Amino acid sequence: MKYRRCHAVAVLPEEQTVFSLESLISGGDGIEYERRIRVYSAHLDTIFTLELPACMLLLESSAEEWAPMPEDPERGALVAHLVELGLMMLDEGLGGRAVESDRRIRNNYWWPLSAIHYRHSRWDGIDSVGEMESNQMLTAQDLVRKLGAPPPEAPLRQPGAVALPRLSDDAACMLPVQRVTCRNFDRSRALSLSSLAEMLQGVLMAQTVVESGHDARFLKKNVPSGGGLHPLEAYIIARDVEGLAPGIYHYHSVAHELALVPGQPDDLDGFSHRLVAGQHWFADAPVMVTLVCRFQRNFWKYRKHMKAYRVVVLDAGHISQAIYTAATARGLGAFVTAAVNEVEMEKVLGLDPMDYGVLAVCGFGWRSAEMKNVELDPAGRIWQRVSAV
């Protein structure tokens with residue numbers, strides 16, 4: 001029997017404060033620092049705390065070459081412990097889910113640090129609004145009271161700078177100016193199917209399929225994408241769309257069609273609320289668009305590339321801005337948020353997060369005539385004379 005290390009791990013020494021009565025009695029401040037070694041892997045959600053001998057063995061082991069089991073009983077016991085945790089693999093294939101997950105990481109050509117970061121930055125069961133409320137971090141006043149004043153909103157002006165002319169307003173310039181993130185959706189007013197279709201056609205539909213002649217096809221969309229790969233898929237959460245049954249749909253960008261996904265949550269409203277981490281002002285949108293990256297499509301070209309994950313995040317930004325612009329042009333409100341419980345969508349769709357990654361949630365719909373939730377509209381384009389209630 002032989003063993004090897006899992007493909008990608010990061011070891012971080014951490015310190016946490018603990019109360020020490022001995023320190024307090026001896027005239028100290030009663031605080032000591034407890035050190036521990038934390039191990040993050042790309043293929044498992046669990047963060048492990050290891051003792052130094054086990055950690056050193058892990059770091060000494062190869063992720064590519066198989067090594068014979070140690071003859072030394074203590075070292076052999078450490079290997080067995082790491083195999084049980086899923087950080088070590090045996091050539092006989094024992095280990096189940098951890099072995100399969102590690103295989104996926106290897107085959108998907110992730111850059112190891114990006115894979116570890118993405119795996120452990122996902123949320124599950126987070127209520128971001130509840131946490132802000134309990135920590136009293138809701139308003140700008142709260143933030144300044146807790147954190148102090150922020151850095152300046154812009155750097156100092158430089159002497160000798162060239163003043164640029166201000167262009168006259170035109171339709172194209174005014175659309176971004178009128179964009180305001182919507183936190184107040186009209187739940188009594190459904191969105192028409194044609195409006196949804198227009199939004200999807202303008203932002204996500206493939207305008208052209210490019211045949212390379214070498215078993216590779218590329219898409220031309222109205223948004224840019226790294227390498228022209230367009231690896232982001234859109235899963236539409238439709239709750240109030242005329243002529244469309246409530247549910248989660250996959251949008252096919254080439255065929256321009258919606259397909260109801262097999263797995264549906266029992267409570268779509270509750271699911272939507274959990275997905276956006278308790279941000280009820282976003283959960284009220286009649287349509288939400290979950291952007292899910294097919295990492296294999298992107299990493300096919302950018303194999304183990306340190307910029308590959310950054311590229312797909314940029315892709316999500318391009319799409320969200322295009323949704324804002326298209327919604328504003330149609331008199332709709334829109335939003336985008338990365339504060340999402342990715343695991344909620346992974347469970348419903350049956351996704352392995354390192355194959356298909358939830359990156360962000362966008363949404364749009366008719367804006368409410370009444371501001372119940374505070375919106376940031378410093379230019380006064382939407383709520384000129386309206387104050388929050």
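This is a predicted model: local features need pLDDT of at least 70, side-chain atom pairs count only at pLDDT 80 or more; totals for chains, interfaces and linings use all residues.

Mentor: Residues are numbered from 1 along each chain as its sequence is written, and side-chain values use heavy atoms, with hydrogens and water left out.

Trainee: How many salt bridges does the count come to?

Mentor: A salt bridge here is a side-chain nitrogen of Lys or Arg within 4 Å of a carboxyl oxygen of Asp or Glu. By that rule you get 21 salt bridges. Take glutamate 14 and arginine 38, whose side chains meet at 3.7 Å, N to O.

Trainee: Which parts does that pair tie together?

Mentor: Helices (H or I, at least four residues) and strands (E, at least two) are DSSP runs, numbered from the N terminus. Glutamate 14 sits in strand S2 (residues 9-19) and arginine 38 in strand S3 (residues 31-41), so the pair ties together parts 24 residues apart in sequence.

Trainee: Is arginine 38 buried or exposed?

Mentor: We go by relative accessible area: buried is under 20%, exposed is over 50%, and partly exposed is in between (1.4 Å probe, protein chains only). Arginine 38 is buried at 16%, while glutamate 14 counts as partly exposed at 21%.

Trainee: What about glutamate 100 and arginine 104?

Mentor: Their side chains form a salt bridge too, at 3.5 Å, N to O. Glutamate 100 and arginine 104 are four residues apart in helix H4 (residues 97-107), so about one helical turn separates them. Glutamate 100 is partly exposed at 33%, and arginine 104 is partly exposed at 26%.

Trainee: And arginine 294 with glutamate 233?

Mentor: That salt bridge comes in at 3.1 Å, N to O. It links distant parts of the chain, with arginine 294 in strand S12 (residues 287-294) and glutamate 233 in strand S9 (residues 232-238), 61 residues apart. Arginine 294 is partly exposed at 29%, whereas glutamate 233 is buried at 14%. Elsewhere, salt bridges that share partners join Glu100, Arg103, Arg104, Asp352 and Asp355 into one network.

Trainee: Where is serine 23 found, and what is it in contact with?

Mentor: Serine 23 is in helix H1 (residues 21-25) and is buried at 13%. Contact means heavy atoms within 4.5 Å. Setting aside neighbours within four places in sequence, serine 23 touches Gly28, Asp29, Gly30, Ile31 and Glu32.
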